[in-house]
Amino acid sequence: MNIAIASGKGGTGKTTVSVSLALYMSKKGIDVTIADCDVEEPNVDLFLKTTGKNTLAAHSLKPSVDMEKCSGCGKCQDICAFSSIVMIKGKPLVLPDMCHSCGGCKLVCPEGAIMEIEKEIGTIEESSGPHLRYIGGRLNIGEPMSPPLIKQVKEKIGTGACAIIDSPPGTSCPVIESINGADHILLVTEPTPFGLNDLKLAVGMVRETGTPFSVVINRCDTGDDGVLQYCRDENIDVAASFPDSREAAEYYSRGEVAEYFADKFAPILEEISSRFCIEDSNAGRKR
C-alpha cells in the first residue's frame, strides 16, 4: 500500500510524520520504503542518517530538430500544449525549459526531423537497512520542472512493500505527481488560520483525484479549533493528532526527531499503520 504524506503549506511537520511513521513500522518488522519526492528540498536522508547511498543520474528527453530535414510545416508547434516549440520565420525554435517531454512533436513530424536527446535533470539516491529502504530525488539547481524527476523516483519504489511518499508542500504540479497512484493520502496540517486556509486548498486538490484521505493535526494543542471544526463540518477523518512539544523541537534540532517520534508517539503511529491494513512481514498478516 502506498501512503502519500502531503500538506497545503510547508512547515507543518509533513516530513517528520513521514520519517517517523516509516521508522516506526520498520522497527515493528514491517518492510517499508520511504520515497522523498520533495526533490527541490530533500531532507528525509538527513533524518534517517542514511549511509552507503547509491546515486545515479536522472534524465529527461528534450527535442532536437534537424533543420536540413525540417520542412517548416509547423505540426510540432501545433501539438505542443506548453509552447515549447514555436515557429520563427518558418523554422521551429525549441524552448527546452518549457518542454514536458511528452514526445508528441517527434510523433507528428512527417519528415522525421525531430529526435530526442537526454538531458540530466538531477540524481536519484537509494539506500537500505533492516526493513527500511530509502529512495530520494535531488533536482539540479536551475532545473525549472520537478515532476519528471518525481515520476522517476516513484518508479523505483516497486511492489511488495508498504511505501511512504513524502510529497512537496503546496498544491501544484509536483504535489499532484507525487500523490498520483497513492492508495491513501495523509494531509498534515496545524491548527492555525494559515494551516486551515492551506488545508482547504489541499482537500480540494485531493478530492479532485478521488483518492481516500485523512488529516493529521500536528501541534494540536496550540492555535484554535478551526481545523478540527472544519474536519467535522466536511466529514473528514482525523487519523491522528500530535501535541506540541519543546522536547520534540530539541530532538529536531539535533536531527533525531524520527527516533523521538517513533518512541514517544508509538501508540499514535501504531494507530495510523494499523488503520491502513499494512502487512507485518514477520507475522505475515494484515495489521
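Predicted model: local features only at pLDDT ≥ 70, side-chain atom pairs only at ≥ 80, totals over all residues.
Is Cys 76 buried or exposed? I looked up its relative accessibility and got 9%, so Cys 76 counts as buried (buried is under 20% relative accessible area, exposed over 50%, partly exposed in between, with a 1.4 Å probe and protein chains only).

Residues are numbered from 1 along each chain as its sequence is written, and side-chain values use heavy atoms, with hydrogens and water left out.

Cysteines next. I searched for disulfides (two cysteine sulfur atoms within 2.5 Å) and the count came to zero. For Cys 76, the nearest cysteine sulfur belongs to Cys 73, and it sits 6.3 Å away. I also checked Cys 162, which counts as buried because its relative accessibility is 6%.

Then the rings. I found two aromatic pairs (Phe, Tyr or Trp rings, the six-membered one for Trp, with centres within 6.5 Å; planes under 30 degrees apart are stacked, over 60 edge-to-face, the rest tilted). Phe 47 and Tyr 252 have ring centres 5.2 Å apart and planes at 50 degrees, so I logged the pair as tilted. This pair links distant parts of the chain, 205 residues apart: Phe 47 is in helix H2 (residues 44–48) and Tyr 252 in helix H9 (residues 246–253). Helices here are DSSP runs (H or I, at least four residues), numbered from the N terminus. Phe 47 is buried at 8% relative accessibility, while Tyr 252 is partly exposed at 41%.

Key
Helix = DSSP H or I, 4+ residues; strand = E, 2+ residues; numbered from the N terminus.
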